[in-house]
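Subject: Structure handover

Hello,

Here is the structure for you to take over. My notes on it follow below.

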Amino acid sequence: MEPFRFPGLPTRVVFGHGTLAKVGDEMERLGRKRAVVLATPPQRGQAEALAALLGDRAAGVIADAVMHTPVAVTDGALAQLRALDADCLVAVGGGSTTGLSKALALRTDLDQIVVPTTYAGSEMTPILGETRDGTKTTQKSPKILPEVVVYDVDLTLGLPVALSATSGMNAIAHAVEALYAEDRNPIVSLMAEEAIRALARALPVIVADPQDRAARSDALYGAWLAGACLGTVGMALHHKLCHVLGGTFDLPHAETHTVVLPHAVAYNAPAVPDAMARVARALGASSAAQGLYDLAARLGAPTALEALGMPEAGLERAADAAVASPYPNPRSLARDGIRRLLDDAYHGRRPDAA
Ligand code: NAD
């Protein structure tokens, strides 16, 4: 056993079917009486239903969350929040809604109860990415980490199939990079391998039958574990590439993760054979990179950056940006190797077995 540090898992988690009904109890545990419920515009109905369930404990609904947490949207929500005189935040939605909740918590130090409806995992992390004038900056603070996460499997039954597949691959990406994180530890590695196993088993079933409750439960369990990995250890090349591609070319978040992951893994594979063996084992595949590519293809998810609207002329710039201020990575970053990786991802080539 190598030396390690395990920082603990600070967020309280309530997991199950129908757990939305427990949000009021969780507010009580925190000593809170007036919640503002947050959502995106399309999920306003879910936020209003939760506000109705909370009755007197709901101060109002703010359904303004959008992708990438623009500061202007947060400022508008902050003004509404102050007028509503709330003492806690309840977020119902995916990473975009959680992002708004985190941005508000950072500015007000209000407690957050997050009810995730995708597999993105943001709810388990002290990380916030915000955009101002088109530039995304990321910061970390204990104020950003939600106090409570209520996972209600029932809320994921309506997650569209395409987003279920890519959001699930996004979660797998957190777990894969946790296995070779510079600050990895044995507990997070166990969680990571279990996350990959649960998601890889559940996602094909969900694509065939989105209402399969057992598969939905498995997938949300895997997403929780993967989110906890993301919140506990540092990410590497794959997350850096997705950050660059999303930020510079405005590519969609979960889809970009889905396309890039097999290629980032193929690049890193020679440096981390033990982590690759664990990924492959969890996927039931003989090669981690090929297993990830084949899973995405089997789910009908995108496998090429070209299909996401990435301009081919942008690949040079993306390669420059990826090596300019890299995240710690197990294999040193050679610009020509990264450029080749991006070319493979652009065209959607199946990676070689590593
Ligand atoms: P999202 O939150 O943007 O959701 C995509 C769309 O799907 C939205 O319109 C949303 O309202 C809708 N939706 C969500 N759940 C639904 C459901 N169950 N049924 C029907 N519609 C539903 O997508 P996402 O992939 O969850 O989040 C992406 C964002 O989260 C990005 O901005 C990303 O940077 C951020 N993120 C941050 C972290 C972090 O740790 N800070 C981690 C992961 C993702």
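Helices (H or I, at least four residues) and strands (E, at least two) are DSSP runs, numbered from the N terminus. This is a predicted model, in which local features need pLDDT of at least 70 and side-chain atom pairs count only at pLDDT 80 or more, while totals for chains, interfaces and linings use all residues. Residues are numbered from 1 along each chain as its sequence is written, and side-chain values use heavy atoms, with hydrogens and water left out.

Overall form

The protein has 13 helices and eight strands. Its radius of gyration is 20 Å, close to the 20 Å that the globule rule gives for 354 residues, so the protein is as compact as a globular protein of that length. That radius is taken over C-alpha atoms, and the globule rule is 2.2 Å times the number of residues to the power 0.38. Along the principal axes, the C-alpha atoms fill a box of roughly 60 × 40 × 40 Å. Of the 354 residues, 57% count as buried (buried means under 20% relative accessible area, exposed over 50%, partly exposed in between; 1.4 Å probe, protein chains only).

The loop between β3 and α3

Histidine 68 is found in the loop between β3 (58-62) and α3 (71-84), and threonine 69 lies in that loop too. Most residues other than glycine have a negative phi. Histidine 68 has a positive phi, near 70°, and threonine 69 also has a positive one, near 45°. Threonine 69 counts as buried, because its relative accessibility is 7%.

Helix α6

Does the length of α6 agree or disagree with its residue count? Helix α6 (residues 186-208) has 23 residues and should span 33 Å at 1.5 Å a residue; its end C-alpha atoms are 34 Å apart, which agrees. The expected span is 1.5 Å times one less than the number of residues.

Isoleucine 187 lies in α6 and is partly exposed, with a relative accessible area of 38%. Asparagine 185 caps the N-terminal end of α6, where one of its side-chain oxygens lies 3.1 Å from the backbone nitrogen of isoleucine 187.

Strand β7

Lysine 136 lies in strand β7 (residues 135-140). Lysine 136 is partly exposed, as its relative accessible area is 32%. The C-alpha atoms of lysine 136 and asparagine 268 are separated by 26 Å, and these two residues are 132 residues apart along the chain.

Regards

Note on methods
A polar contact is a pair of N or O atoms within 3.5 Å; within protein, one must be able to donate a hydrogen and the other to accept it, and residues adjacent in sequence count only if both atoms are side-chain atoms.
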